[in-house]
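Subject: Structure handover

Hello,

Here is the structure I promised to pass on. Please load it first, then read the notes below.

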Amino acid sequence: YESDGFQENSYTRKNSFHTFFTHNLNEYGKISLDMFAVDLKRGLPSGTPYDVSEFNGERERKANAQNDWQKDSNLYGSLTYSFKTPLTEHQISYSRNALLRNAYQWSSLTSIKTYSNNFSLKSSIKGFNTGIDFEENILRSNEYGNHSIKTIGYYIHKEFKPKEQLTLNAYLRYDDSKNFSDVISPKLIFSYTLSDKARLGYSISRSWRAPNFADLYGSPLYSYLPNPSIKPEKTISNEISFNYTDDIDLNISAYYYDTDNKITIHTDPNTWESKSVNADKGYTRGIETTLSYNYKKLDLQIGTNIMDVMIKESNSGSYKRAPYTPSLKCVFSTRLNTQLGKITFKTEKVSSQWTQINKTGKKIPEYTLSSVYLTKKYNSLLFELSIENLFNERYATNADSWNGYYPGMPRNYSFSISIMF
């Protein structure tokens with residue numbers, strides 16, 4: 001894949017290889033191998049000097065950085081073996097990912113090597129699903145230093161059916177973290193069948209999210225300060241849902257996530273230096289809906305997600321909107337099956353958001369994108385044509401105090417042919 005990009009210094013040069021192999025061993029199970037390699041080099045325009053209100057299709061092509069670049073070499077492989085006995089099922093898998101990244105930005109070269117090792121063992125015995133996960137992430141960098149994060153997780157799951165209409169799924173997970181405190185995460189999912197077309201659901205769970213390498217060790221090059229004392233965030237999640245399936249399919253879910261030690265970004269307005277910090281509390285609440293209709297060769301779908309993401313900083317008595325969190329996302333899509341192939345029209349609307357807490361910093365205005373896709377399968381060939389940002393919307397996808405706005409792609413076309421064998 002090769003592209004010069006929309007902005008100055010936004011080129012992309014990509015070579016990739018992917019292979020998947022599976023072999024059935026009959027009564028001895030099945031073995032699968034999945035591998036891919038990616039070599040990617042791209043320019044880093046780092047935003048534009050123009051304000052989003054000045055975008056006209058030409059001005060925003062101007063890049064803040066003319067010579068910065070990033071080169072990634074990524075190699076991934078996974079091996080999975082699964083087998084059955086008369087009473088049990090088992091799966092053993094191991095995967096390894098290696099990423100070498102060199103980035104030249106602001107007259108400085110940064111080298112990062114990350115490795116991940118993942119091992120899992122899953123078993124199903126007499127209705128109980130159990131497993132062990134081991135995850136190790138290793139960082140080697142002249143900028144971030146040398147670090148590792150390790151976690152071993154143990155879990156069990158069982159489905160119960162106290163009544164004909166009621167199903168209960170119970171989960172319990174224990175994470176033994178080598179870098180943070182150990183965590184127990186329970187989860188309950190209730191499903192009640194109202195009729196052959198309608199179902200009511202409720203779930204409650206406790207989960208955690210560990211800080212990543214950037215949260216912990218920062219990056220002086222990007223004025224992102226380290227915070228080695230940052231804590232994992234812990235969340236209590238509640239969700240209620242209603243599903244109706246007929247000629248019209250309707251899915252509605254309301255959710256509320258209450259988080260302690262919410263990880264967020266704090267930017268000093270005087271120095272523009274940023275770092276990851278723990279807010280005292282945080283919550284996410286919202287309603288997500290999907291409405292689908294199928295008539296002969298026509299499929300229609302409308303989806304909306306209305307949400308509030310709020311945080312309360314330490315020593316602050318009130319909740320404030322978190323940065324980089326739009327309050328509305330809405331997607332409309334329609335697909336028509338014709339002799340020419342499947343024609344899909346999709347429109348997505350994203351509301352405005354801000355780069356700092358409590359609607360401060362730079363405002364990223366709302367935008368609406370429409371795209372058209374055509375797919376046609378002929379024997380072993382798959383043809384795909386797409387026109388994205390059909391109406392050539394001028395918009396920004398991101399912004400920050402250093403680089404200003406990052407312009408989104410204008411109308412663009414792509415065509416691909418795939419061979420399946």
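This is a predicted model: local features need pLDDT of at least 70, side-chain atom pairs count only at pLDDT 80 or more; totals for chains, interfaces and linings use all residues.

E366 is partly exposed, because its relative accessibility is 46%. Its side chain forms a salt bridge with K349, and the closest N and O atoms are 3.1 Å apart. K349 sits in strand 21 (residues 341-350), while E366 is in the loop between strand 23 (360-364) and strand 24 (367-378), so the pair ties together parts that are 17 residues apart in sequence. K349 is also partly exposed, at 27% relative accessibility.

There are other pairs to look at. In total, the count comes to 17 salt bridges.

D246 and K197 form one of them, at 3.0 Å from N to O. Both ends are in loops: D246 between strand 13 (233-244) and strand 14, K197 between strand 10 (183-193) and strand 11 (198-209). The pair therefore ties together parts that are 49 residues apart in sequence. D246 counts as partly exposed at 33% relative accessibility. K197 is partly exposed too, with a relative accessible area of 34%.

D299 and R335 meet in another salt bridge, at 2.9 Å from N to O. Here both residues lie in strands. D299 is in strand 18 (residues 298-312) and R335 in strand 20 (residues 328-338), so this pair ties together parts that are 36 residues apart in sequence. Are the two ends buried or exposed? D299 counts as buried, at 17% relative accessibility. R335 is partly exposed, with a relative accessible area of 34%.

Salt bridges also link E2, D4 and R13 in a network.

Now a charge without such a partner. K262 is buried yet has no salt bridge. The nearest side chain of opposite charge is E233, 4.5 Å away. K262 lies in the loop between strand 14 (248-260) and strand 15 (263-267). Leaving aside residues up to four places away in sequence, K262 touches E233, V277, N278, A279, K281, G282 and I311. Please check this site by eye.

Two backbone angles are also worth a check. N26 is not a glycine, yet has a positive phi of about 60°. N26 is in the loop between strand 2 (12-24) and strand 3 (30-43), and counts as exposed at 61% relative accessibility. W106 is not a glycine either, and has a positive phi of about 55°. W106 is in the loop between strand 5 (88-105) and strand 6 (108-125). At 35% relative accessibility, W106 counts as partly exposed.

Last, the chain as a whole:

- The protein chain has one helix and 28 strands.
- The C-alpha trace spans about 65 × 60 × 50 Å along its principal axes.
- Of the 421 residues, 35% count as buried.
- Among contacts with a separation of 6 or more, 52% join residues 24 or more positions apart.
- The chain exposes about 24,700 Å², and carbon and sulfur atoms supply 55% of that area.
- There are 50 positive and 44 negative side chains, and the centres of the two sets lie 2 Å apart.

Best regards

Definitions and conventions
Residues are numbered from 1 along each chain as its sequence is written. Side-chain values use heavy atoms; hydrogens and water are left out. Helices (H or I, at least four residues) and strands (E, at least two) are DSSP runs, numbered from the N terminus. Buried means under 20% relative accessible area, exposed over 50%, partly exposed in between (1.4 Å probe, protein chains only). Lys and Arg count as positive and Asp and Glu as negative; His and the chain ends are not counted. A salt bridge is a side-chain nitrogen of Lys or Arg within 4 Å of a carboxyl oxygen of Asp or Glu. Contact means heavy atoms within 4.5 Å. Accessible areas come from the Shrake-Rupley method with a 1.4 Å probe; for residues, only the protein chains shown count as cover. The place of a charge is taken as NZ of Lys, CZ of Arg, CG of Asp or CD of Glu.
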